[in-house]
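Q: Could you walk me through reading helix packing and chain contacts in a model?
A: Gladly; let us look at it together.

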Amino acid sequence: MEEFYGKLAEILEVDQVNGNDVLEEFSEWDSLSALSVIAMIDAQYGVNLTATDLRGIDTAQNLFALVIQKKGV
Amino acid sequence: MNFTFSHRRLAGLLAIVPANEHSFMDEMANFNAPVGRSLKLKEVMGYDKHRIVDGPVCVSDLACFGLEHLFESGSLGRDDFDALLVVTESPDYFMPPTSNVIQGRLGLKHDLFCMDINQGCAGFLIGLIESFLLLEQPSVRKVVLINADVLSRKVSTKDRNSYPLIGDAASITILERSDDPAPIHANLKMDGTRCEALIIPAGGLRLPSSPETAVLEKDSEGNLRAKDNLRMDGTAVFNFVQVEVPPMIDELLAAAGTTAEAVEAFLFHQPNRFMLEKLADKMKVPYEKMPMNVVEHYGNSSGVTIPLAIVHNLSERIVKESILACLAGFGVGLTWSSMLLKLGPMDFCEMIEYK
């Protein structure tokens with residue numbers, strides 16, 4: 001989980017991302033960072049998220065939970 | 001579905017790009033986005049320069065310019081080919097076919113199979129497959145395959161989602177029979193349920209162009225585009241490519257009984273650098289085997305990007321020697337297709353500028 005938040009922080013160009021942080025509140029959150037997040041999740045976890053999947057997600061921890069859930073399927 | 005061919009070759013390739021060059025740095029001011037994010041986009045996607053037609057230039061203009069060049073340089077005789085295929089999504093007219101327009105403008109013979117194919121980013125592959133099929137007929141000695149698009153004319157200049165990457169270009173490929181019995185493997189898949197991922201919503205008969213369809217509308221990211229403009233769902237296209245393309249290449253290589261290591265060049269459609277890097281990573285293909293530099297030099301010209309990748313990166317080698325290449329195109333339709341074949345030695349492989 002820490003590794004996941006670290007990767008998110010890299011993409012969003014911040015020092016740290018916490019589980020409760022709301023993705024849309026980051027100034028760097030846009031279609032480009034969303035695409036980078038989708039690519040990172042595919043590369044690291046082998047999970048393909050769609051834009052619709054992402055739209056339903058608010059916080060970093062909920063995103064991680066979705067990745068784990070999809071990976072388990 | 002799978003195809004196999006043999007005794008076919010690409011005899012020559014000419015790319016035609018507009019002389020008019022735009023740069024992302026100059027265009028940034030048109031976009032409704034912070035400069036920092038636009039610079040990030042430039043870095044990640046590899047946007048820089050792109051070739052855009054200057055004025056109301058049409059597909060037949062680029063094609064006639066290129067064919068005249070081949071006639072004058074002696075690379076192709078006016079009466080030496082029996083089929084003229086034009087693959088485009090930006091035809092001169094609804095009717096007649098652009099291939100007939102070209103035939104008429106150049107005064108080509110009546111014994112000529114002219115055909116337009118409405119295809120986009122997989123258009124080079126579709127064109128090759130059709131050309132190889134036509135060469136089954138003894139009366140078809142050579143096929144002239146033209147891939148051309150001037151889609152900049154259908155993209156909103158205020159759409160950061162599509163305008164920075166769009167490019168106009170044409171290519172002319174000469175296909176003929178050869179003595180080489182080595183099999184050429186190809187495959188192709190289509191999914192029309194996702195046809196709206198890449199679409200020009202208005203201008204056809206479903207939604208004719210009108211003053212309303214010309215009105216610029218703002219999307220959630222501040223991009224301005226009208227229904228008359230090209231609309232791309234970038235994230236959906238990215239997902240499609242990452243999910244469908246690697247298994248397609250695996251199937252192609254398996255059908256050919258070979259491995260990725262044996263392939264000398266992966267010449268893929270060039271949507272942007274980001275998507276190609278992710279594809280290469282996923283397929284474990286070294287970057288040096290997969291050119292990714294077409295968008296930064298010329299822009300994404302739909303079905304012409306594979307010819308541009310060949311001419312820009314391999315022209316000197318390919319007129320002298322043979323390269324085992326894996327081609328892949330993916331996009332509009334949605335359509336995805338790939339082919340494994342030996343490219344070269346070609347009689348010519350060059351690029352000219354349209355002025």
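**Helix 2 of chain A and its neighbours**

A: The crossing of helix 1 of chain A and helix 2 of chain A is right-handed (the near helix is turned clockwise from the far one by less than a right angle). Helices here are DSSP runs of H or I, at least four residues, numbered from the N terminus. This is a predicted model, where local features need pLDDT of at least 70, side-chain atom pairs count only at pLDDT 80 or more, and totals for chains, interfaces and linings use all residues. Residues are numbered from 1 along each chain as its sequence is written, while chains are lettered from A and ligands numbered from 1 in the order in which they are written.

Q: At what angle do the axes of helix 1 and helix 2 of chain A cross?
A: Axes are lines fitted to C-alpha atoms over the stretch in contact, with angles from 0 to 180 degrees between N-to-C directions. Helix 1 (residues 2-12) and helix 2 (residues 31-45) of chain A come within 10 Å and cross at roughly 150°. That makes helix 1 of chain A roughly antiparallel to helix 2 of chain A (over 145 degrees).

Q: Which residues of helix 2 of chain A are buried?
A: Buried means 20 or more other C-beta atoms within 10 Å of a residue's own, placed from the backbone. Among them are A:Leu35, A:Val37 and A:Ile41.

Q: How many residues does each chain bring to the contact?
A: Contact means C-beta atoms, placed from the backbone, within 7 Å. Chain A gives 12 residues and chain B 14. On the side of chain A, the largest share, eight residues, comes from helix 2 of chain A.

Methods
Helix = DSSP H or I, 4+ residues; strand = E, 2+ residues; numbered from the N terminus. Parallel < 35°, antiparallel > 145°, perpendicular 65-115°, else oblique. Contact = placed C-beta atoms within 7 Å. Buried ≥ 20, exposed ≤ 12 C-beta atoms within 10 Å, placed from the backbone.
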